[in-house]
Amino acid sequence: VADCASVVSVTTAAFESFVELLCGTQPTRDSLILSHSPDDFVFALEKSRLSDKAQIFTSADPPFVITHTNDAWSSLCGWEESEVVGFTCAMLQGEKTCPDAKRVIADAVRKCQRLVVENLINYTRSGTAFTNNLVLEPLVTSAGSVTHYVATLFTSVTDAWHHAEAVSKDASLGERRLGCRLAAQQCARRGEYTMLDMVSAVAPSLSRPKVIALSGLVKTMLESEEKLSAFQFEWCIRFILGDEAQVLSYFAACVQHYGIACFCDP
């Protein structure tokens, strides 16, 4: 790790290019409206409002009534959010909806499990059948209790499984997800932040040796005139962090979200 850090260097321009790639354009403080309860539900809902993926949220308790939907879901299914809140997802079912799929979904909810359902037939407001691939996720608080479920609809089976894999990796971080969200909010509140600021913010979610190695990498590249591509730099980061690389990836995604999103209250 030390040898890797000692040879890494980039120009300031290359560094700024990588930060933009990793974090998106840095916002001004005036553009931020921050949530103060970054649990799974709040965070998922904030992202959903800006997502082009159709998503529907339900309560965690029977009869699992609909609590929120996003614009992509309304465009796909034909109902506005205000028309479906308080109803159940039975309104999406019809004669071609597979009974086995409904039982599998019910079993996953009972066990608080993540689930992918392929080729599920649902119905729009007009009664038109459509096939989708559904990823169901439980949303939890920092205490570990499930508050909601969110279903994301995909036309592609491959996209559904890629999404499920990504959220599974994020879920594997456990309580560190909340730490990453809070740290990302702090970066966003500052309005301007450097890579060293980001390292300091995410440090509590990483082991101490990884923090030392990562800080050394960033300082070395900032002080050098030699070039290193964003791809090479990212590879070095993943090499240094190893199985903790997912923490930084999740934190970077949170920084991007809190930095560029306009938020709405759930």
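This is a predicted model: local features need pLDDT of at least 70, side-chain atom pairs count only at pLDDT 80 or more; totals for chains, interfaces and linings use all residues.

Student: Which residues touch the most other members of the largest nonpolar core?

Tutor: They are Phe233 and Phe251, in a core of 34 residues. A nonpolar core is a set of buried Ala, Val, Leu, Ile, Met, Phe, Trp, Tyr and Cys residues joined through side-chain atoms within 4.5 Å. Buried means under 20% relative accessible area, exposed over 50%, and partly exposed in between, with a 1.4 Å probe and protein chains only.

Student: And which elements give two or more residues to this core?

Tutor: They are α8 (176-190), α9 (195-202), α10 (208-223), α11 (230-241) and α12. The most comes from α12, with 8 residues. Helices (H or I, at least four residues) and strands (E, at least two) are DSSP runs, numbered from the N terminus. Another core, of 22 residues, lies apart from this one and includes Ala54, Ile66, Leu92 and Ala101.

Student: Which residues of α10 are buried?

Tutor: They are Val211, Ala213, Leu214, Ser215, Leu217, Val218 and Met221. The helix α10 has 16 residues and reaches 23 Å from its first C-alpha to its last, close to the 22 Å expected at 1.5 Å a residue. That expected span is 1.5 Å times one less than the number of residues.

Student: Changing topic, how much space lies in the largest pocket?

Tutor: About 890 Å³. On a 1 Å grid over the protein atoms alone, where a 1.4 Å probe fits, a pocket is an open set of points with protein on both sides within 12 Å along at least five of seven lines, and lining residues have an atom within 4 Å of a point. A volume is the space filled by probe spheres set on the points.

Student: What lines it?

Tutor: The largest pocket has 32 lining residues, and Phe43, Lys47, His163, Val167 and Asp170 lie nearest its centre. The lining divides into 16 nonpolar, 7 polar and 9 charged residues. Here Ala, Val, Leu, Ile, Met, Phe, Trp, Tyr, Cys and Pro count as nonpolar, Asp, Glu, Lys and Arg as charged, and the others, Gly among them, as polar.

Student: What about the second largest pocket?

Tutor: About 530 Å³ of space lies there. Its lining has 24 residues, with Phe64, Cys89, Ala90, Gln93 and Ile105 nearest the centre, and divides into 17 nonpolar, 6 polar and 1 charged. The element α6 gives the most to this lining, with 5 residues.

Student: Where is Leu139?

Tutor: Leu139 lies in strand β4 and is buried, with a relative accessible area of 4%.

Key
Residues are numbered from 1 along each chain as its sequence is written. Side-chain values use heavy atoms; hydrogens and water are left out.
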